[in-house]
Amino acid sequence: MRRLVPALLALALTATACDSGEQAAEAKTLTVFAAASLTESFGTLGKRFEAQNSGVTVKLSFEGSSALVQKLTQGAKADVFASADQANMDKAAKGEVLDGQPSVFATNRLAIAVGKGNPKGIKGLADLAKDGLTVVVCAPQVPCGSAAKKVQQSSGVTLKPASEEQDVKSVLAKVQSGDADAGLVYVTDATSAAGKVDKVDFPEAAGAINSYPIAVVKDAPQADLARQFRDFVLSEEGKKELAKVGFGAP
């Protein structure tokens, strides 16, 4: 019996080590590259996905869609890519960094973000062209910047922005801090920042609706999980969460 006890202890320790090893092996990280305007909604969806998939951690990387495409085409590793427009998803496809066809999961449109209480009394797009206002927009290569350019062309209103930012959250931050009087952002960003900025809708925004596609990245380290996350975003649960902040249906 005395000789048996150490042997049994050794077996128990071995079994425990094996169990720990198996648990460690099950731990997986899913890397999602997503447009900055998806910060709030994907943050929530990422936590729900983790809760539904034991051992999975969702690592979210938010930037302007054009910057994310550039990273992917330069070899950055990710499992999922969600763009704020079709043009940048097309660039990703052309760069041969996607696995399969993208699927559109939402739409978005522009709104004007102004300081809380709208101190400058901005009522529409034309007001942003008035002298004495500090206006910021996204850079043209960024989806929100491309949309801003479209509404200017279709409306005949020409803006003279103080700066062109690399993502929509940077535009929102300048309005929120008071560095800008107004900025062209997405409806969803202004809605998410309710209480910090006010939102002014304008009819010309209907001429520049952005579609949001999502795709699995080629050679994704977690390809199976990537497909599951894509399907989760496309599901009714995903659509309901996106709608909470103002995203439109595909």
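1. Helix α2 (residues 39–52) and helix α9 (residues 236–244) approach to within 9 Å along their axes and cross at roughly 150°. Therefore α2 is roughly antiparallel to α9, a label for angles over 145 degrees. The axes are lines fitted to C-alpha atoms over the stretch in contact, with angles from 0 to 180 degrees between N-to-C directions. Helices are DSSP runs (H or I, at least four residues), numbered from the N terminus.

2. This is a predicted model, in which local features need pLDDT of at least 70 and side-chain atom pairs count only at pLDDT 80 or more, while totals for chains, interfaces and linings use all residues. Residues are numbered from 1 along each chain as its sequence is written, and side-chain values use heavy atoms, without hydrogens and water.

3. In α2, Ser41, Phe42, Thr44, Leu45, Arg48 and Gln52 meet Glu237, Gly238, Glu241, Leu242 and Lys244 of α9; contact means heavy atoms within 4.5 Å.

4. Phe42 also belongs to the largest nonpolar core, of 64 residues, and is among the members that touch the most others. Such a core joins buried Ala, Val, Leu, Ile, Met, Phe, Trp, Tyr and Cys residues through side-chain atoms within 4.5 Å. Contacts of Phe42 beyond four places in sequence include Phe105, Phe229 and Leu242.

5. Serine 66 lies in helix α3 (residues 65–73). Serine 66 counts as buried because its relative accessibility is 15%, the limit being under 20% relative accessible area (1.4 Å probe, protein chains only). Apart from neighbours within four places in sequence, serine 66 contacts Asn88, Gln141 and Val142.

Methods
Helices (H or I, at least four residues) and strands (E, at least two) are DSSP runs, numbered from the N terminus. Angles under 35 degrees count as roughly parallel, over 145 as roughly antiparallel, 65 to 115 as roughly perpendicular and the rest as oblique. Buried means under 20% relative accessible area, exposed over 50%, partly exposed in between (1.4 Å probe, protein chains only).
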